[in-house]
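Could you walk me through this model in my viewer? Please tell me what to select at each stop and what is there.

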Amino acid sequence: MFKHSVRPPGGWPDRRPPEVTHVSVPELNQVLLLGAIVMLSAVIAVRLATRTGLPSLLLYLGLGMVIGADGLGIGFDNAELTQTLGYAALIVILAEGGIATSWKEIKPSVPAAAVLSTVGVGVSVAVTALATKIVLDVDWSTAILMGAIVSSTDAAAVFSVLRKLPLPHRLTGLLEAESGFNDAPVVILVVTFAHTGHIEPWYMILAEIALELTIGAAVGLAVGRLGAFGLRHVALPASGLYPIAVMALCVLAYSGGALAHGSGFLAVYLTALVLGNSQLPHGPATRGFAEGLGWIAQIGLFVLLGLLVTPHELGSAVIPALVIGTILLLVARPLSVIVTTSPFRIPWREQLILSWAGLRGAVPIVLATIPIVKDIPDAQRLFNITFVLVVVFTLVQGPTLPWIARKAGFAGADEPTDLGVESAPLEKLHGHLLSVNVPTGSRMHGVEVGELRLPRGAAVTLVVREDGSFVPEPTTVLRRGDDLLVVTTDTVRDETEDRLRAVSRGGKLASWFGVKGDT
């Protein structure tokens with residue numbers, strides 16, 4: 001027999017513990033059955049999202065609403081538990097994003113991303129707060145709180161949408177870095193203004209933000225570097241322990257940064273970024289493990305947020321959400337992009353993509369639970385407006401982003417042009433098996449296998465074309481839609497993938513080490 005108890009947001013009345021609720025095995029089996037059905041439905045939803053262009057988070061939110069109070073009747077209104085689990089899920093999502101991000105691709109964009117995620121957030125908060133003040137007729141503290149809640153872009157939404165678009169690496173790197181960086185200052189603002197007492201002067205708030213970001217960055221870099229050094233020099237007895245150790249280090253960075261009164265979110269992202277770009281043992285297995293955990297975190301978080309909302313209470317939030325969201329999308333976000341990226345000489349068409357690709361997702365909804373937990377006036381109203389805003393404008397921005405990219409001059413932005421590469425380690429052979437898909441827009445089409453000029457220690461061993469497969473000759477000409485099996489040794493695995501991507505982007509004459517293939 002299993003026992004459980006959940007502490008309510010306000011604590012136990014009169015400090016008396018609640019009666020313990022007994023859960024029988026059949027009831028537990030029913031819960032597990034429902035959980036399995038929801039998880040499988042969410043996995044199927046990923047396929048549907050890929051076909052329709054909708055961000056999968058909307059389908060997960062929909063699943064939560066379907067099984068919630070207005071659907072199958074599962075009541076859930078514990079905002080404190082949602083906030084706690086939401087923070088845990090965001091740690092995993094940020095860790096997966098950092099591990100999967102290439103430092104070589106985002107390095108040129110880091111200065112611009114740092115300014116956009118701090119100064120740009122400030123501009124966005126100010127404009128959105130002004131709109132909230134006018135639309136909702138609330139005090140300035142509540143208006144700024146609303147502006148802070150909705151001004152952060154969501155890492156999960158940005159990563160999932162951008163990795164389907166063949167945009168310049170400087171642009172995708174800037175967006176990915178910004179989504180990893182901007183959670184930190186926004187969380188500080190929300191916690192500061194979700195307070196019923198005295199609020200510090202603005203210069204004290206800015207100083208606190210700067211201090212927390214500095215501490216978080218220092219902790220994140222320190223844990224990442226020390227962790228990478230340790231994992232390279234300590235031989236663990238099983239390969240499956242390395243991914244667990246990497247994720248544990250990311251959680252350690254978050255908790256260490258938070259306990260040091262710094263930004264835990266920035267710490268976990270930087271730790272993951274360092275570890276993901278270090279030459280660690282079983283790196284591909286680690287990335288696969290982190291990706292799986294990231295999917296679980298996204299699915300669980302969005303379904304939970306869908307459960308928390310009560311659909312029949314959202315009617316009054318629609319008009320304010322549309323007005324505030326429109327100003328956020330068409331005024332606040334573009335203004336923040338122009339102000340912060342123009343000094344870096346970023347072209348206007350890239351600024352257009354930066355403005356439109358500022359996707360909201362789980363982060364604003366999780367942040368909107370903080371005022372509820374702290375019992376701030378109008379907290380439920382802010383939560384409902386945030387929920388509607390995220391759903392509507394994610395539905396607007398996500399599917400239309402390829403069209404906006406084409407209009408901005410990024411041809412074929414709705415067709416994948418980058419290689420799909422999956423890697424499986426061959427531990428006993430000290431090698432890797434790469435599964436490579438040649439997409440429609442790839443310049444690898446028409447290139448002979450021998451012209452790939454793979455490094456010594458790598459070879460194309462099989463080509464799968466349409467319904468058949470064959471062992472290629474050096475003169476075999478590759479075509480769009482081909483799937484290749486490439487075997488490499490450990491030492492040239494990364495160099496082989498770089499070369500394949502270079503040929504895919506630049507053709508047979510692509511620079512040997514150039515990942516972009518445009519030199």
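**Stop one: the aromatic rings**

Start by selecting Tyr87, Tyr254 and Phe265, which ring pairs link into a cluster. Rings of Phe, Tyr and Trp (its six-membered ring) pair here if their centres lie within 6.5 Å; planes under 30 degrees apart count as stacked, over 60 as edge-to-face and the rest as tilted. By this rule there are three aromatic pairs. For one of them, select Phe181 and Tyr269: this pair is edge-to-face, with 5.7 Å centre to centre and 90° between the planes. It links distant parts of the chain, since Phe181 sits in helix H9 (residues 169–181) and Tyr269 in helix H13 (residues 264–276), 88 residues apart. Helices are DSSP runs (H or I, at least four residues), numbered from the N terminus. Both Phe181 and Tyr269 are buried, meaning under 20% relative accessible area, whereas exposed is over 50% and partly exposed in between (1.4 Å probe, protein chains only).

This is a predicted model: local features need pLDDT of at least 70 and side-chain atom pairs count only at pLDDT 80 or more, while totals for chains, interfaces and linings use all residues. Residues are numbered from 1 along each chain as its sequence is written, and side-chain values use heavy atoms, with hydrogens and water left out.

**Stop two: a nonpolar patch**

Now select Leu130, Ile134, Val135, Trp140, Val318, Ile319, Leu322 and Val323, which make a nonpolar surface patch of about 700 Å². Helix H6 (119–136) and helix H15 (318–341) are the elements that give it two or more residues. H15 gives the most, with four residues.

Technical notes. Patches are made of residues with over 30% relative accessible area and no salt bridge: like charges are joined within 9 Å, nonpolar side chains (Val, Leu, Ile, Met, Phe, Trp, Tyr) within 5 Å. Accessible areas come from the Shrake-Rupley method with a 1.4 Å probe; for residues, only the protein chains shown count as cover. A salt bridge is a side-chain nitrogen of Lys or Arg within 4 Å of a carboxyl oxygen of Asp or Glu.
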